[in-house]
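Work through the exercises below with the model open. Try each task before reading its solution.

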Amino acid sequence: MARTMQNFHMQTQQQRIPSTSIVKRQEPSSIKIEATVAGQFLRKLFQIVFFIQLFLVSILVIVLTIRGLIYAGNTNRFHPKKWYPPLLVSTASAGIVSFIWQWICFHYPSRAIRSAFWVSPLLTCAAGIVHVLIGSPVSLAAGTIAVVSGLIQSLYACWVNLRFDYATKILTVSTSFPPEKTATFVTVSIIICVVYSSFLVIGIGGATATGTAFDVLFIVLILLTFTWSMQVIKNMLYVTISRVRYMNFACGLDMNTQIAFRDTVKYLVGSVCIGSALVPVNGTIRGSARAINLVAGDTDEFMFSCANCYSGIASTLITYGNRWGFVHVGVYNKGFVQASTDTWELLKRAELISLIDSDLTGVFCFLSGVAVGSICTIVGGTWTLTVHKSYATEVSIYAFLIGYFTVRD
């Protein structure tokens, strides 16, 4: 393993940023971008699309809110005072719990790891029970999925229990000496997520008030842009911290985090937007492929061949879009697809893929999101179940999504 890590380090050093693009402490950035015309066009296109969709969705939310309030004033079908407070309080709860959880992760990594793996199943089952009590068909389906998911999480925690110590060491090293103002950036990102979520919730409430077929489409569009935007916020920090860490690790320089973030905003938003769209999809496909392989085994030839084919597709997709590619985006200023490909090839040559597959930090982040999302579901679901049962299903689902993405940022 030591020789493998040494070879990986030597390969990384060979790709070091040219000296002309090194950013010294407190000096203006001289970040150097080298990309093909097609790559630059794609980055710019995604950047423009991202900001345009933010603008258009903002207008849509305002229009839906005004229309919904007017409609609610003329009919008794929608009750804003019973729909908005539970969801807005759930959003605030997501922010508060996220602050607390980030503090625990930085100061007590060992407790954080174990809490995520043992508390998340309990909270997931509790959220499932809330859905079952609501009683609607959609809520019963969600409740069943939540309870089964909680049981699977418990079994998984028992299975990987022996790897907790290694995951704790990884998290401890990662959080021991954070770059300057990291806590400030994390705090601001959580606040932005809470404010942005609250803004979109108001628009969803306006669409719910009228409840036409177009309003359902509007809600789906708002949720999609919400998901993409939250991923972009998270990955902007990921890219920024990657650049700062690399400059310290490889060049011995303490790069100003604000300058690194300014570089990210100025040059790398397009790449981050592309990665934020690709990584969740590819990650889901690869995770499902691994699960199918475990279930299929090698007893049934047909199942084995189907699982093997699906696994091959997942392996191909993950090569062109993986979360480790964000590191090369921040360090070498590459396009996301090229960064993902180069990073994956480095990991394969260093024979680290199996180590990555057994790493628990990604699962830890996922379970943290599930736990906070479940807390928000319990808060919003029980409140709505008490005041207006017909709103409980949608409020619980929206609350879960907000809690999940807020803590992941």
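## Overall surface and fold

The protein exposes about 20,300 Å², and carbon and sulfur atoms supply 70% of that area. Accessible areas come from the Shrake-Rupley method with a 1.4 Å probe; for residues, only the protein chains shown count as cover. This is a predicted model: local features need pLDDT of at least 70, side-chain atom pairs count only at pLDDT 80 or more, and totals for chains, interfaces and linings use all residues. Residues are numbered from 1 along each chain as its sequence is written, and side-chain values use heavy atoms, with hydrogens and water left out.

**Exercise 1.** Describe the secondary structure, burial and contact range of the protein.

*Solution.* 
- Step 1: count the elements. There are 16 helices and zero strands. Both are DSSP runs numbered from the N terminus: helices are H or I with at least four residues, strands are E with at least two.
- Step 2: take the burial. Of the 409 residues, 45% are buried. Buried means under 20% relative accessible area, exposed over 50%, and partly exposed in between (1.4 Å probe, protein chains only).
- Step 3: take the contacts, meaning heavy atoms within 4.5 Å. Among those between residues at least 6 apart in sequence, 79% join residues at least 24 apart.

## Helix α8 and its end

**Exercise 2.** Compare the span of helix α8 with the expected span, then inspect the residue that follows.

*Solution.* 
- Step 1: helix α8 covers residues 213–251, which is 39 residues.
- Step 2: the expected span is 1.5 Å times one less than the number of residues. For α8 this gives 57 Å.
- Step 3: from first C-alpha to last, α8 reaches 57 Å, close to that expectation.
- Step 4: G252 follows α8, and its phi is positive, near 70°.

**Exercise 3.** Find the salt bridges and state which parts of the chain they join.

*Solution.* 
- Step 1: apply the criterion. A side-chain nitrogen of Lys or Arg must lie within 4 Å of a carboxyl oxygen of Asp or Glu.
- Step 2: take D215 and R67, with an N to O distance of 2.2 Å. D215 is in helix α8 and R67 in helix α2, so the bridge ties together parts 148 residues apart in sequence. D215 is buried at 0% relative accessible area. R67 is partly exposed at 31%.
- Step 3: take D165 and R114, with an N to O distance of 3.0 Å. D165 is in helix α6 (residues 164–176) and R114 in helix α4 (residues 109–134), so this pair ties together parts 51 residues apart in sequence. D165 is partly exposed at 47%, and R114 is partly exposed at 31%.
- Step 4: take D342 and K334. Their closest N and O atoms are 2.7 Å apart. K334 is buried at 15%.

## The region around H328

**Exercise 4.** Which side chains make polar contacts with the side chain of H328?

*Solution.* 
- Step 1: H328 is buried, with a relative accessible area of 5%.
- Step 2: search for polar contacts. These are pairs of N or O atoms within 3.5 Å; within protein, one must be able to donate a hydrogen and the other to accept it, and residues adjacent in sequence count only if both atoms are side-chain atoms. K334 is joined at 3.4 Å. T343 is joined at 3.5 Å.
- Step 3: look from T343, which lies in helix α13 (residues 336–349) and is buried at 8%. Leaving aside neighbours within four places in sequence, T343 is in contact with W324, G325 and H328.
- Step 4: check the link. N333 lies in the loop between α12 and α13. Its phi is near 60°, positive in a residue other than glycine. N333 is buried at 2%.

## A nonpolar patch

**Exercise 5.** Which residues form the nonpolar surface patch?

*Solution.* 
- Step 1: set the rule. Patch residues have over 30% relative accessible area and no salt bridge; like charges are joined within 9 Å, nonpolar side chains (Val, Leu, Ile, Met, Phe, Trp, Tyr) within 5 Å.
- Step 2: list the members. They are I48, I52, F55, L56, I59 and V63, with about 560 Å² of accessible area together.
- Step 3: check one of them. I48 is in helix α2 (residues 37–74) and is partly exposed at 42%.
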